[in-house]
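Good morning, colleagues. Please look at the structure on the screen while I describe two parts of it.

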Amino acid sequence: MKILHATDTYAPTVGGIEVLVHDLAAQQVAAGHEVTVLTRTPGLTGVGSNGVVVVRDARATRTLVAEAETVHAHVSALSPLALRAAEVAAAQRVPAVATVQPRWSGAWP
């Protein structure tokens, strides 16, 4: 299955969402899936040592969603990329799921 994870933050940043997406994507590759992570976090683009393709260009959202069989949006208090990927998936009728991260306290005044 072709899976697209959309997350506004990813490695090399380290935090809850970044670790969750990294580990989940690596397990999916190990299970035989084709996995891409779309993120806005600066860093290297390409195939990681775990077999996960990382794309660091939000302009690729429509193309990557169209190529995916399912989209997993990882949403936090401020997630314009993840939310946009879910919106594009809905418009293109690509199955999608959103995981909402619970740490929202202090996100707004």
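Which backbone oxygen does the side chain of Thr 41 reach at 3.3 Å? The backbone oxygen is that of Asp 8. The side chain of Thr 41 also reaches the backbone nitrogen of Tyr 10, at 2.9 Å.

A word on the source: this is a predicted model, in which local features need pLDDT of at least 70 and side-chain atom pairs count only at pLDDT 80 or more, while totals for chains, interfaces and linings use all residues. Residues are numbered from 1 along each chain as its sequence is written, and side-chain values use heavy atoms, with hydrogens and water left out.

Thr 41 lies in the loop between β2 (34-39) and β3 (46-47); helices (H or I, at least four residues) and strands (E, at least two) are DSSP runs, numbered from the N terminus. Thr 41 is buried, at a relative accessible area of 6%. Here buried means under 20% relative accessible area, exposed over 50%, and partly exposed in between (1.4 Å probe, protein chains only).

I turn now to helix α3, residues 80-91. Its buried residues are Leu 81, Ala 82, Ala 85, Val 88 and Ala 89. Because they cover an arc of only 125 degrees around the axis, they sit on the same side of α3; the arc is that of the directions from the helix axis to the C-beta atoms. The face turned away from that buried side carries the exposed residues Ala 90 and Ala 91. Ala 90 has a relative accessible area of 56%. After α3 comes Arg 93, with a positive phi near 60 degrees.

Conventions: Polar contact = N/O pair within 3.5 Å; in protein donor to acceptor, adjacent residues only side chain to side chain.
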